[in-house]
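Please look over the chain shown here.

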Amino acid sequence: MKVYYCDISDLNIKNVDYDSFSLERKEYVGSINDEKRKLQSVLVWMLLRRVLGDDNNFVRAENGAWLDKYGEKFFSISHSDNFVVVAVGDKQIGVDVEMI
């Protein structure tokens with residue numbers, strides 16, 4: 001298992017380029033009104049892409065969760081306040097981040 005994180009406290013969504021995202025992901029990000037929540041979403045997917053490859057490697061399950069379409073990797077995402085976290089492994093995995 002590997003865990004990746006990003007502190008987004010000094011970032012602004014206007015300075016983050018997500019033009020290379022899939023159309024579905026761009027539409028999802030565009031539907032988010034809150035700027036911090038939008039930034040969290042974009043950074044989570046940037047971390048996933050860096051680790052697992054492009055957006056075309058992900059499919060949405062019936063329950064709404066995103067999966068590696070090849071079933072080779074499992075991942076879990078979490079975000080809270082100024083942190084986003086992605087955990088990736090060869091077995092089902094869960095991660096949670098919370099500001100205290």
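Predicted model: local features only at pLDDT ≥ 70, side-chain atom pairs only at ≥ 80, totals over all residues.

Residues are numbered from 1 along each chain as its sequence is written, and side-chain values use heavy atoms, with hydrogens and water left out.

**Fold and surface**

The chain holds 2 helices and 5 strands. Their order along the sequence is β-α-α-β-β-β-β. The radius of gyration is 13 Å, close to the 13 Å that the globule rule gives for 100 residues, so the chain is as compact as a globular protein of that length. Helices (H or I, at least four residues) and strands (E, at least two) are DSSP runs, numbered from the N terminus. The radius is taken over C-alpha atoms, and the rule is 2.2 Å times the number of residues to the power 0.38.

Whole-chain values are collected here.

| Property | Value |
|---|---|
| Box filled by C-alpha atoms, along the principal axes | roughly 35 × 35 × 25 Å |
| Buried share of the 100 residues (buried: under 20% relative accessible area, 1.4 Å probe, protein chains only) | 37% |

Charge comes next. There are 13 positive and 17 negative side chains. Lys and Arg count as positive, Asp and Glu as negative; His and the chain ends are not counted. The centres of the two sets lie 3 Å apart, with charges placed at NZ of Lys, CZ of Arg, CG of Asp or CD of Glu.

**Core**

A nonpolar core is a set of buried Ala, Val, Leu, Ile, Met, Phe, Trp, Tyr and Cys residues joined through side-chain atoms within 4.5 Å. The largest one has 21 residues. Val 42, Leu 43, Trp 45, Leu 48, Phe 58, Phe 75 and Val 84 touch the most other members. Helix α2 (35-52) and strand β5 (83-89) each give two or more residues to this core. The most come from α2, with 8.

**Two residues**

Leaving aside neighbours within four places in sequence, Leu 48 contacts Gly 53, Phe 58, Phe 75, Ile 77 and Val 86.

Val 29 sits in helix α1 (residues 23-30). Val 29 is buried, at 0% relative accessible area. The C-alpha atoms of Val 29 and Leu 39 are separated by 8.7 Å, at 10 residues apart along the chain.

Key:
Buried < 20%, exposed > 50% of the residue type's maximum accessible area, 1.4 Å probe, protein only. Contact = heavy atoms within 4.5 Å.
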